[in-house]
Structures are given as C-alpha cells and as structure tokens.
Amino acid sequence: MIIYVLKRLVLVVPVVFAVALVCFLLVHIAPGDPLVSVLPPDASAELAEQMKRAYGFDRPLPVQFGIWVWNALNGNLGTSIATGRSVIEEVSRAVGNTVRLAVLASLIGFVFGMLFGFLAGYFRDGWVDRLVTTIAITGVSMPHYWLGMVLVIIFSVILGWLPAVGMGAGDWAWDWEHIKHLILPAVTMSVIPMGIVARTVRALVGDLLSQEFVTALRAKGISERRVFVHVTKNAAPTAIAVMGLQLGYLLGGSILIETVFSWPGTGLLLNNAIFQRDLPLLQGTILVLALFFVVLNLLVDVLQAAIDPRIKRA
Amino acid sequence: MSEAETLASVADVGGPQQPLLEVRSLSKHFKLSGGLFGQGGVVRAVDDVSFAVGKGEVLGIVGESGCGKSTTARLIIGLIAPDVGEIILDGEAVGAALSVRVLRRRVQMVFQDSYASLNPRLTIEDTIAFGPKVHGCSADEAHTRAHDLLCKVGLDPALFADRYPHELSGGQRQRINIARALALAPRLVLLDEAVSALDKSVEAQVLNLLLDLKDDLGLTYVFISHDLNVVRFISDRVLVMYLGEVVEQAPVEVLWEDARHPYTRALLAAMPSLDPDHRTKEAPIAGDPPNPIDPPSGCRFHTRCPFAESVCRARKPMLTATGNDRHTAACHMVDMSSGHSWAGHSFTGEEHHA
Amino acid sequence: MSALADDLVRIAKVDRARGYWTTVGRRLIRDPVSVGCGGVILVIALAALLAPYLGLADPYHGSMIRRLRPIGTPGYPLGTDELGRDMVSRLVYGGRLSLFIGLAPVALAFTIGTTLGVIAGYVGGVVNQAIMRIVDVFYAFPSVLLAIAISGALGAGILNSLLSLTIVFVPPIVRVAESVTTSVRNLDFVDAARASGAGPLTIMRVHVLGNVLGPIFVYATSLISVCMILAAGLSFLGLGTRPPEPEWGLMLNTLRTAIYLNPWVAALPGAMIFTVSICFNLLSDGVRSAMDVRG
C-alpha cells in the first residue's frame with residue numbers, strides 16, 4: 001500500500017509541472033497588452049516600458065516561466081496588477097469562501113445522493129426507482145447557473161426569504177447573517193453532484209443486491225439490517241470516490257455559481273481576473289484551482305486504495 | 001494481375017527432402033511491469049525451441065496451458081517478433097531471404113476462439129476475401145475465390161456468403177476460419193486449438209475436413225492442442241512442450257507406445273481411460289505447475305518428476321536421441337552420459353545402449 | 001441451377017441478416033422516451049433552421065418602450081427582453097447558435113478524438129504513451145476551469161468558444177476510443193488480419209473502426225448535454241457569443257439584471273437550455289440501450 005501511495009506521489013510531480021506549464025501558456029497566448037488595465041490610455045511609451053520591466057513582461061517567455069515557477073515554489077505567486085495586492089493574499093481570502101461553499105454543497109449532494117440512490121437501488125424498477133432516476137437525470141442535465149437564477153427568483157424576488165447575492169457584510173462568520181447567504185448557492189451547487197452520486201449509488205446498490213451472495217446471505221436468515229450494512233460497506237468506497245471527484249470539480253469549477261450569486265470565492269476572482277486581464281492573478285488562480293483538483297484526485301485514489309482491499313493488496 | 005498469378009500456390013523450392021519449416025533456437029521472453037521502478041520478472045514463454053516439419057506432414061504440438069505452444073505459433077507466423085532464433089521456410093530464412101509479407105503468403109493460421117476470430121461486422125464473404133484483396137486481387141476475383149473456398153470447406157456459398165458470424169454455429173465458424181486461412185493458398189497452416197471449442201461430433205467432421213484438404217491441396221500442418229486424442233488422430237509426429245521448452249518429439253505411435261520423458265508419460269496417463277478394467281486411479285503429476293516467471297533450475301520438470309535426482313536440479317538436459325533417431329527426449333534418463341541412475345532404461349523395460 | 005436451388009437462394013436472401021443498425025433503429029423507435037425526446041429536439045432544431053420563414057419578429061430590433069413586457073402580453077406571447085425584443089423570436093433564433101455551439105464541438109472532438117484514440121490503441125507502445133500522457137495533463141483540469149481558462153485566454157467569440165470546447169472534449173473521447181480499440185485489437189480476428197499481410201491502416205479501417213465507432217459514438221452523445229450547458233455557461237460569463245446575437249446563454253446573462261422586474265422572462269432562455277439538454281441526455285441513454293444488442 002505504501003508503495004502504491006509513493007508511486008502515485010511520484011507520478012503527480014510531472015502532472016503538476018505540466019499543469020503549471022499549461023496555466024502559464026494559456027495566459028500568455030492571450031492577445032492584448034497585459035498592462036492595459038493598469039496604464040492610463042495616454043501613458044507615455046517610457047512609462048509603459050518601465051511598468052513592463054517592473055512586472056517582468058519584457059523577458060523572454062521561458063525565462064518568465066522559470067521565474068514564476070521558482071517564485072511559486074517559494075510561496076510567491078506575484079502581484080495582482082489590478083489591486084496591487086499579492087496574488088497569494090487575494091487567493092487565500094477567496095479560497096476559504098469557496099471551500100466553505102463547495103464542502104457544504106458536497107455534503108448536501110452526497111447525503112441526498114446516497115439516500116436517493118439507496119432508495120432506487122432497493123426498490124429497483126418500481127415507481128421510486130423511476131422517480132429517483134428522473135431526479136438524477138434532471139440534476140445532471142441542469143444548467144446550474146440557471147437553477148441558481150430560478151432559486152433566486154423564487155426565494156429572493158418573490159418570497160423574499162433569502163438574499164440574492166453576496167456573502168454578507170465583512171468577513172465570514174458562522175452566524176445567521178452569513179449563513180443565509182450560503183444557503184441558495186450551496187443548494188444550487190449540490191444538484192449536479194447529487195444527480196451523479198444518486199445514479200452511481202443506484203447502479204451499485206442494484207448490482208450488489210442482485211448478486212448471488214446477497215441471496216445466499218438472506219437465505220441464511222441474516223436480517224435485512226445486516227444486509228443493508230453489508231451493502232453500504234461495499235457501496236461506500238465508490239460513492240466516496242465519486243463524491244471526492246465531484247468536490248474537486250466544485251472547487252475548480254465554481255465560477256459559474258459564484259458569478260450568479262456574487263459569492264466572493266476563487267471563481268469570482270477568476271472572473272474578475274479574466275475581464276481585467278490581470279495576468280499574474282489569472283495565472284495564480286488557475287494554478288491554485290487546478291492544483292486543488294490534482295490533490296483531490298490523489299487523495300481520492302489513496303483513500304480508495306486504503307478502503308478497497310483489492311487495491312491494497314496489489 | 002490475374003487471380004491465377006497472384007494467388008497461385010507458391011512453388012516448391014527445396015524438393016521433398018527439405019523440411020518445409022525449420023525452427024532454430026527460437027526464444028521469446030516477455031517483460032513484466034511491476035515493482036516501484038518498472039522492474040519486474042520476465043516470462044520465458046518460449047525458450048530455445050528447435051524443430052522441423054517435413055512437407056506434407058502433420059506435426060502435433062501438445063502441452064499444458066501456458067507451455068508456450070500458442071506463442072510459438074505466433075512467432076512462426078510473424079505476429080510476434082522473436083528475441084532469438086531463426087525461422088526457415090523451405091530453405092529461406094525469414095527476415096533475410098524472406099520478408100514477413102511473403103512469409104504471410106506461405107504460412108497461415110486457424111485460430112481457436114471461433115467467435116472472436118471473425119469480425120462481427122463483416123459478412124463471411126468479406127472476411128474470406130480480405131486477404132486476397134490485400135494482396136492485389138480485384139474485388140470480383142476475391143469474391144469468386146471466397147465462394148470457391150466456401151464450397152471446399154463444405155458450405156454452400158449461396159446460403160453462407162452473405163451471413164454474419166453470429167448467425168452461424170461453432171462448427172460452421174471454424175470452417176470459415178479454415179477457408180480464410182486457405183484464401184492465400186498457403187503451404188503451411190498452423191492450427192492453434194482449432195477444434196478445442198467444438199462439440200465432439202462437429203470436431204470429428206472438422207478434423208476429417210482438414211485431412212481431406214491437406215491431401216487435396218498439398219498442405220503441411222502444425223496442429224497445436226492440449227487434447228491428446230485429437231493430436232493422436234491427426235498427427236504424423238508429435239512435439240511435447242513444457243514451460244516454454246521442447247521436452248520430447250517422436251512419430252505419433254512411437255510416442256504413445258514408448259514415451260521417454262516422465263512428463264509425456266504423465267500426460268498420457270492422465271487421459272481418462274475408457275476401459276473400466278483399467279481406470280485411471282490418481283493424478284500422475286504431483287505439485288502445482290511452476291511459475292513461468294521463475295522456472296526451476298536445471299530440468300524445468302524436476303520439481304514434479306518422480307524420478308528427479310540431483311543431476312536434474314543441476315543441469316538442463318538436452319534433446320537426445322533415444323535409439324530411434326526420430327525420437328528425441330530432453331531427459332537425463334535418456335542421456336547415457338548424464339549420471340542419472342536410470343540412464344539408458346526405458347519405461348517399457350528395454351534397455352538401451354548408445 | 002435447378003428451380004429448387006433458385007428458391008433456396010431467394011429465401012436465403014430474404015431471410016438474410018438484418019444489418020446491425022437497422023436493429024438498433026427499430027429498438028430505438030419502440031422506446032417512447034427516446035422518441036419523445038428526439039421529437040422535441042427535432043422541433044426545436046427545425047424551428048431554429050427555418051426561423052426566417054416562420055413569420056417571427058426581428059430578433060435584433062427592439063424598442064425601449066416595450067422592454068420587459070411580461071409573458072402573455074398581446075403580440076408578445078413570451079414577453080420582451082431588456083431591449084424590447086420579442087422573446088419568442090429571440091428564443092427561436094437563439095436556437096441556431098445554441099444548438100450549433102452545443103453540437104459542433106462534440107462532433108469535432110469525436111472526429112479528432114476517435115482518430116487519436118484509435119491510433120493510440122492500435123499502435124501501442126511509445127505513440128500510445130505519448131498521446132495518453134498528453135491527455136492526462138488535460139484531465140488534471142476540471143472541464144469548466146479548462147474551458148473558461150482557454151476562452152478567457154482567447155477572448156470572446158463563437159469560434160473561440162468552439163475551439164475551447166473542442167479542446168475540452170477531445171481528451172475524454174480519446175480515452176474511451178483508446179480503451180475500446182485496445183480491447184478490439186487483442187481479438188483474434190485482428191491477428192488474423194495481420195497474418196494475412198495487411199498493413200496497419202487497412203486493418204484499422206476495415207476491422208477496427210467498424211467495431212469501435214459504436215461505443216465511442218454513444219459516449220460522445222452523452223457529452224452533448226454537458227457541452228450545451230458549458231457553451232451556454234461561457235456565453236453567460238461573457239466569454240462566448242457577443243451581443244446582439246441571440247443565443248440562450250448570452251440571453252441569460254443580459255436578462256439577469258431584469259429578474260427583479262420580470263423574473264419569468266429572465267428565466268426563459270435557461271428553460272430552453274435545460275429542455276434541450278435533458279432531451280439529449282435521455283436520447284443518449286436510449287441509444288445506449290438500443291445498441292446493447294447481442295447479435
């Protein structure tokens with residue numbers, strides 16, 4: 001097992017490097033002047049040159065890449081052109097908000113997904129199954145940004161129960177003032193993972209229940225409860241793995257929901273960075289988000305290996 | 001190019017005395033991935049295998065699964081490249097005088113698993129016509145040829161040409177397999193477990209078909225099987241393989257009457273007896289088949305051999321003649337100079353003197 | 001040939017193997033869900049294609065006096081948008097771009113991905129490793145992030161969206177194609193084809209492709225709904241279609257601020273995206289079931 005973990009860790013290194021390279025390239029193939037958002041339109045050529053040198057944009061690309069990577073390894077991702085604050089600072093502030101949102105959404109999605117999946121798996125081909133399958137497919141086919149808008153329409157515009165945008169005043173705190181801002185975005189975000197988890201769990205549970213050894217267990221007179229526990233133990237690793245992956249997607253792909261709700265997370269940060277053409281911030285944010293995803297994949301793999309005895313012994 | 005020119009059976013080159021196929025010191029090792037840095041074991045699938053097949057002969061190759069017989073067949077036909085060794089077809093060495101492409105015109109193979117051996121998307125006609133088309137026949141010529149071959153293997157082209165594999169029975173599919181192999185007018189046909197998946201009655205029909213075709217078309221066969229009865233029926237000579245090596249070869253009846261290698265005797269004894277007075281009482285081979293990744297030292301069979309002695313562990317026996325030139329076995333009991341306490345004795349009680 | 005033989009041949013020809021695709025088609029038609037979804041998509045697509053001939057209002061022309069009229073206003077059955085343009089017209093015309101940007105990237109990715117995947121799967125070795133490792137790098141990014149990053153880099157515009165979405169969908173298709181090709185390649189009939197002296201391109205074309213396209217195609221159809229949502233999402237962020245072109249994602253964006261004034265009109269474009277997306281999803285599931293024919 002340790003060997004497996006070590007192997008995976010070793011494999012991650014080139015991936016991380018490649019990710020960094022892709023981030024860098026993506027940002028630098030962008031047409032347009034990187035300093036356009038900062039310089040006044042009538043700035044002198046001399047000033048433009050000075051700024052360029054200050055940000056290092058005058059060096060050849062490979063050198064810029066090297067410097068960026070070196071700095072990144074030392075914890076410095078550069079300075080945001082638009083706000084003047086360090087990228088790390090901006091990202092750290094936003095990350096917490098996104099993590100809170102994504103984790104809550106994952107939990108909701110996981111719990112309901114498991115619930116629906118189990119119901120569907122147990123009552124296969126009945127009306128429960130069909131209902132759950134419909135819910136799952138709806139969840140997966142839903143443009144979540146639209147769902148967000150619809151929920152805002154219902155709960156903010158028409159009913160006025162929950163706020164439509166933002167996180168609440170100031171920094172995050174676990175009080176109702178802030179939590180009420182968290183509800184709609186989290187629910188919106190949970191729909192797709194819930195659909196995926198429900199589908200997966202339904203298939204798993206259905207398969208497990210129809211396997212012969214379950215019939216054998218029942219024939220031996222084992223109570224339904226024990227069968228249920230057994231099914232859970234077998235379905236859990238895959239369900240957790242799927243949820244882990246979904247969490248990774250949510251963390252990395254939160255931009256749409258955060259835009260709808262103006263939730264001050266990394267997604268919104270990314271949005272701003274794109275439209276302000278703030279290269280250092282853009283690079284840094286994409287890198288951090290991609291790394292989240294890579295790390296989460298790694299964790300999920302390791303966790304699966306720890307739980308699934310087949311992999312463990314390999 | 002007319003069909004007659006492109007696909008005329010290749011002329012005989014070396015005369016009746018020259019073996020059609022000669023295999024010399026053929027070896028193939030497969031590397032396994034594994035371990036932290038990709039070092040793993042090596043599967044010695046085929047190790048220093050040599051034999052010859054005469055023109056018009058049927059050579060049977062027998063052995064347990066994993067002994068390397070299928071790999072040997074694939075090496076001969078060029079689907080896998082050998083690590084070491086030579087393949088010589090009618091006097092010409094493959095790779096030197098003979099390109100692989102030409103080799104494939106002269107040697108063809110009939111596969112076992114008859115369902116995966118036919119492309120489910122192609123009609124029977126298209127499957128058989130594929131080979132000729134690749135070698136330059138026009139579509140018409142190729143399809144005419146396909147129809148002829150269907151007749152030859154006993155299937156009515158009007159009924160079968162347009163069908164798909166999933167609509168046929170196992171026996172019919174094997175006939176198609178044979179027809180496909182014959183489409184390029186080869187001289188040597190390798191049959192890899194060609195009847196193993198068939199019911200007994202169908203198996204008999206197909207075997208008889210194979211023998212008829214051999215006589216009609218002047219073919220030479222290498223027949224690979226784990227089924228000793230089938231091998232006995234169809235072969236002229238038999239080769240026994242164990243863990244990638246040849247352990248014995250002999251004309252077929254000589255092998256059945258006077259096998260010299262303990263493994264061969266065990267295989268023969270393991271056949272369920274049809275005689276109620278002479279039932280097979282116990283499994284003649286003890287122990288598990290060893291790991292092909294880490295074969296035993298010396299004679300590879302010594303771990304399961306009831307006659308094993310220290311010389312067997314120490315030194316690998318070479319194929320030695322047993323008195324009958326055409327019968328060789330790789331066992332220290334056959335080699336007079338080996339130092340084995342049973343050297344020179346045969347199982348039938350006759351003693352040998354070199 | 002005798003008369004009997006003639007009859008036999010005629011019967012055999014009539015009784016002849018039904019093509020695989022005909023069987024699939026037949027099974028698909030018998031599934032009400034698939035037929036329903038197919039119908040809905042067809043109607044929307046036809047309406048989009050024939051939009052100029054349907055007697056609709058000009059989707060580009062609006063009047064500020066008539067902005068944000070609610071659903072059911074006489075003359076504007078689905079209301080008007082923030083610039084006073086008729087919603088029915090905007091939605092129908094919007095279908096053109098939305099359907100295009102939802103389908104074209106998948107079609108392109110299918111072509112490119114299948115080619116790369118089949119080559120990787122068939123040739124194996126170094127070529128396979130090279131292609132699959134590059135694919136792995138793209139897999140290290142969540143698709144939304146990748147699409148947005150590429151679009152963000154290239155700038156707004158339909159062609160840029162097309163490019164960015166195609167790049168996002170090529171890796172998953174390559175993976176599926178490579179996996180299916182590898183399992184087909186190990187079957188005996190491919191060995192038999194090699195043994196008859198055919199070259200790799202011929203074998204790929206005649207033996208591999210026919211057996212591999214089915215599963216890849218089914219997988220690709222399951223990506224269409226994701227692509228539609230993602231494409232509209234890009235427009236929603238302002239990275240896709242540019243105003244004043246009608247396109248559902250962009251419309252969601254521009255109508256967002258209107259949710260306080262006329263919420264239901266603002267929600268309409270999203271309903272279209274959802275409808276088409278779920279229909280494609282169900283249709284794809286139906287096709288998968290129909291293709292699961294064992295001989």
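Q: How many helices and how many strands are there in chain A?
A: The general idea is to list the secondary-structure elements and then read their order; in this predicted model, chain A has 13 helices and 0 strands, and from the N terminus on its elements run α-α-α-α-α-α-α-α-α-α-α-α-α.

Q: What does chain C look like when it is read along the sequence in the same way?
A: Chain C contains 11 helices and 0 strands, with the pattern α-α-α-α-α-α-α-α-α-α-α along the sequence.

Q: What spans do the C-alpha traces of chain A and chain C have along their principal axes?
A: For chain A the spans are about 85 × 55 × 35 Å, and for chain C they are about 80 × 55 × 25 Å. A radius of gyration can be set against that of a compact globule of 295 residues, which would be near 19 Å, whereas chain C has 24 Å.

Q: What share of the residues in chain C is buried, and what share of the contacts with a separation of 6 or more joins residues 24 or more positions apart?
A: Buried residues form 46% of the 295 in chain C, and residues 24 or more positions apart supply 70% of those contacts. In chain A, 39% of the 314 residues count as buried, and the corresponding contact share is 74%.

Q: How many residues of chain B are in contact with chain C, and how many of chain C take part?
A: The size of an interface is often given as the accessible area lost when the parts come together. Counted by residues here, 28 of chain B are in contact with 22 of chain C. On the chain B side, α3 (100-106), β6 (107-110), α4 (124-134) and α6 (157-160) each supply at least two residues, and that side divides into 13 nonpolar, 6 polar and 9 charged residues.

Notes. Residues are numbered from 1 along each chain as its sequence is written. Chains are lettered from A and ligands numbered from 1 in the order in which they are written. This is a predicted model: local features need pLDDT of at least 70, side-chain atom pairs count only at pLDDT 80 or more; totals for chains, interfaces and linings use all residues. Two residues are in contact if their C-beta atoms, placed from the backbone, lie within 7 Å. Helices (H or I, at least four residues) and strands (E, at least two) are DSSP runs, numbered from the N terminus. Ala, Val, Leu, Ile, Met, Phe, Trp, Tyr, Cys and Pro count as nonpolar, Asp, Glu, Lys and Arg as charged, and the others, Gly among them, as polar. A residue is buried if 20 or more other C-beta atoms lie within 10 Å of its own, exposed if 12 or fewer, and partly exposed in between; C-beta atoms are placed from the backbone. The radius of gyration is taken over C-alpha atoms; the globule rule is 2.2 Å times the number of residues to the power 0.38.
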